[in-house]
Amino acid sequence: MNKLILVRYIGFLFLSVIFSPSFAQTVFHFPKENIELVEHIVTYSLEFQEDSMYQNFKRQEDMLLFIGPTVSRFVSYNYFIGDSMARTATSQEDFQRIASDKSNPLPVVRLRYEIFKNFPKGKETFIDNVLGSGMFKFEEDLGLFKWELLDETATISGYNAQKATTEFGGRKWVAWFSTEIPYNDGPYKFNGLPGLIVKIYDTRLHYAFELISIKKPGYDLFIEFPELDYIECSKKEYFRAKDAMRDNIITHAKTAGLNSEVQQKVAKLMQQRNNPIELSRK
Amino acid sequence: MRSFFLFFVFYFLLNNIFGQIILSGKIINSHEESIPYINILIYELDESVVIGFGVSDLDGQFSIELTTSADSLRIETSAIHYKKETQEIANHTQEIPFVLEVDEKTLETFTLRASPILRRGDTLSFLVDAFTAKNDRSIAEVLRRMPGIEVETNGQILYQGLPIQKFYIEGLDLMDGRYTMVSNNLPHQSVATIEVYENHQPVRILEEKVASQQASLNLKLNQDVTTTGKASVGTGFTPFLWDVNITPMTFTRKFQFVASYQTNNIGKDASSQLTSHLPDEFRKSLNHPNETPELLNIQTLNPPNDFDPTRYLNNNIHLLNLNALTKLNNNLQLRSNLHFITDFQQERATASHTIFTPKDTVTFNENFNNEYTSNYLQAVFTLSRNVKSNFLDNKLSFKSNWNRSFGLLINNSEQISQELKSPAKSISNDLHSIYPLGKKLIEIRSYISYDENPNQLQINPGVFPNILNNEIAYENSLQSIELNRFFTENSIGVVYTFKGIVISPKAGFIIRQQTLKSIIRVDDFQVSSSFENDQNIFNSQAYLQTEIQYRKKALTINFNLPLIYQTLTIDDQINNLGQHLNRAFLKPRLFVNYKLKGFWETSASWSYSNRFGDLDGVYYGFLLRTYRNLSQNNAPIAINSKNNLGVQLKYSNAITSFFHSSSFLYVKFRSNLLYNSIINEFGASVIKAIEYPNQGQYFSFQANTSKYYSAIRSTFSLRLGASQQEGMVLMNTEIFKSINRFYQFSPHVLYHFKNWFNIDYGLNLQYFENVIADNQDVNTKMLTQKVNLFVYPRSNQMLSLAVDYHEYKGKQDYFLDIVYRYTFSKRKIDLEMKYLNILNTKNYTTYQAFTNSILESTYELNPSRFLISINFTF
């Protein structure tokens, strides 16, 4: 019975790693570049459908957009909180203590990527962790989006907003922006409209971001770019790594010592994640 | 040609009416510096719809192409740090310069809605019906679908990515972390709404002091529901097989009750739903005495880890779990969680032991026919008060078992019967309390336990006539022992918060006191006093901990230095022997991690530990521990030290899907004791601990490589392993060196086709070598091959097929199992069919290697079995 519990525990740890790539991958040192001070923290609620087969099954996650004078950082709320907590760790033991602290636990993070817009100038930097292989980094042009303005207007989250459409990543997107918030930024990679995007969704309603708050930071909060040993790659290589990891999950589960029944379960769970925000893998 | 001409005419005409114009310009500030990132918006004169826009570049330039029929336009600038500028312009291409003034806008006005962080205290409610799908059975399946809620494969529930703290039913915490019993068995029809308490601090005294990120769930039941539950029934042959689970539940406002009865004879572990999701349970018990001291045993085999126990285990288990909670006066709650397990297991096997010494080799055979009857009762009563001014949680546990084992054994040709009665009783109390002291909080934890283990091992006939009975053969020997243990661990800590982190420094002490009394009777006469024990052990410890850390860029060095002060007194009344020791132990540990560039990572760790051996292993007089093991440990207490060095190198490239890791481990161990075995040709051994400082070492190397080819949807992997252990062995008064070497070669292929088919093949080749005193060399090898196939023809169906192949010393064993699962979505019924050991393989042979011996065992397997089971709710 003790062995069973242990196996279950190991299994649980493994699942938490897969389904929530852990924050600190053994190195408890977080060198970072303070790019600039955050002016505003914008919170979006993201509703997304991980499994394209299942219409009713939506996940919800809060996403943060930190806007500075020239640069912005986009990250999930859970990742931001967990990362801030993990950074207080000074060692593996300390990290485990933090991770197992029942009164103040680390959140399980589903979306772990970070997007830095206009960093470097005119570009956007995308960083993400691919399980077992470290941090990946690639750059894209900021001007990815060809927006078409429509003359529809509406009040969204209390702001007067105007409709615009674009195509991106194999989906058609409908955006609502408000000139009352004079930033040309938005959630995810979206940017380039003459006002903050207050709501954006794809036409199949698989991904929908909606503004829920705008605040000023209460202290000197920087837009921090983690200075890690990145695996610098192209967007295509990043997608290849991400897809191979997903297809190859049984091998990863086996390496972690899980039995074949759990391996199958993990594979089933992974199959339910078949609907990435960017469908086209180029 | 004419139509082309017409098109041109038309185009120019249109262009005149709705002409495309370009509006460009430069944006500068009052110091004539260009300003980038300014939004420029174009409107028709009195409209509010943006018809064109642009953003100024790094030189402050903008350029907007526009097509509109309006006569005049409005052009506006918009930016957070500058004042808005508006101009009315005519609809033609032109340059419009802007000079912007800095604006100190107050930006607080943008706060629109409180962020989720501030939603503290809010309660969200979800209507269960709205989230139910047709295949759902239990509430756990519906929970999985609610926004923000997730259920892990092990049953743990998460909200917004965090494990929930409490699982309440109508506001009461009945299950104390073991909520899987309810969440997996409670039909969703019984639950009306799920309430989520966000940022819930369950300890009320900490409410405004320690912020909580975690949520708790509360299940609000349908009004008409008082009794509900789930059942699953499975049956099969041969012999007659069953697997039953009935879990009824009753909930009222002041009283709640969950019961579960589970029984099977298919070798299944029925206790899995009793696992707690509280992280505490894993961390406890490091210092606590071993729950089952197991000083006496009937001769048994420990099956290898990779062999599925359901293949050979013949069980008959009944489990009854009762949980009840009532509200008392004075804000007190009383909860009781009881479980009772009764199990009967049978094991049939044969084993061949080969023991090597420098001069000769002893081989003896045993044929086992063992029966284990165990009855286990555990009762936990929790009294808790959770109010603003203090927190109290007191758990009182009783554990009791009445275990009996009976073994009929044939050693070479002699038949020996063994009977072990090992009842045990224990009582423990675990107190956790938090009281305010000024502005700080004092946290007290106190654990106290007492247990009694009166064991009796009766053996007919005995194998030690020369030692126990003046070389006269005897019918019957009876070893009886009484081991009583007291243990307490107490700690006090201060809890305070610093920048959102809870800091809790701690100091503690441990006291352990135990007595061991034992006698051996041969044919009802007591054997001399050197086969008797009456000893008393007193051990106390005080502990503190320090940690030092250094880090620079990719390098992390961590140094740990826990300090423990121990005193130990052992006193034996019969033999008038004893020892007294005071000692401080240090357990330093060093960890170095260096992250290389890109895909590489390397780490190294070293640790040194130094500690007393297990106190249960000290007995000055002989104990007859099994029918052929007579042992004595009257040497000074074992002090074992260990140096541990590990190096790991990893390469992982997800772009090419190539992963590799190599690790090297070196351990050097020292002990002041060596155990001398004097062994006869029947394998009977007399073991004595002797003070003889000795050391040994262990090396191991492991490499794992895997590569995924997406074009053929296959993964190829290879595991290589090699290890060597050397140490000193004292056998028949001769000290010699023993070296064990172990090699492993294990390739693997996995292929998967879309979502409905995957197949996996693996081979494992093991080679073992034992070198005794540099002259005797023994070796053996084993080959295993496995194929697993999973097919999902539809989403409600699953078919799996598994083939195993084992080869040991020319004997080949095959196994074949098939499982098929079908879900009837409308009727809320799941059907599962299993056909196990289809080839009706009778036995299985494997080996285990020890320092200077090899044990080959052959298990008698369960025959070919067919099992069908049905799940339903009520």
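Start with β20(B) and β21(B): they form a hairpin, with four residues between them. A strand here is a DSSP run of E, at least two residues long; a helix is a run of H or I, at least four, and both are numbered from the N terminus. Two strands pair if DSSP finds at least two bridges between them. β20(B) and β21(B), the latter covering residues 361-386, pair antiparallel over 25 bridges. Across that pairing, H353(B) stands opposite F364(B).

Before going on: this is a predicted model, where local features need pLDDT of at least 70, side-chain atom pairs count only at pLDDT 80 or more, and totals for chains, interfaces and linings use all residues. Residues are numbered from 1 along each chain as its sequence is written, while chains are lettered from A and ligands numbered from 1 in the order in which they are written.

Back to β20(B). What joins β20(B) to β19(B), residues 317-327? Eleven bridges do, and the two strands run antiparallel. L319(B) has I341(B) as its bridge partner. This hairpin also has four residues between its strands, and there N330(B) takes a positive phi near 55°.

β20(B) has another partner, β49(B), residues 853-860. Seven bridges join them, again antiparallel. I355(B) is bridged to S853(B).

Next, an open sheet in chain B. Four strands, order β3-β2-β5-β6, antiparallel pairing. The edges are β3 (50-55) and β6 (86-90), each pairing on one side only. β2(B), residues 39-44, pairs with β3(B) over five bridges. N39(B) sits opposite V55(B) there.

Now chain B as a whole. Five helices, 50 strands. Of its 874 residues, 27% count as buried. Buried means 20 or more other C-beta atoms within 10 Å of the residue's own; exposed means 12 or fewer, partly exposed is in between, and C-beta atoms are placed from the backbone.

How confident is the predictor? pLDDT is its confidence in each residue, from 0 to 100. Chain B averages 82, and 87% of the residues score at least 70. Over residues 12-16 of chain B, pLDDT is below 50. The model scores ipTM 0.77 and pTM 0.66.

Last, chain A. Helix α6(A) has twelve residues, 260-271; at 1.5 Å a residue it should span 16 Å, and its end C-alpha atoms are 16 Å apart, which agrees. The expected span is 1.5 Å times one less than the number of residues. Which residues of α6(A) are buried? V262(A), Q263(A), V266(A) and M270(A). They cover an arc of only 105° around the axis, so they lie on the same side of α6(A). That arc is taken from the directions from the helix axis to the C-beta atoms.

Notes
pLDDT is the predictor's confidence in each residue, from 0 to 100. Two residues are in contact if their C-beta atoms, placed from the backbone, lie within 7 Å.
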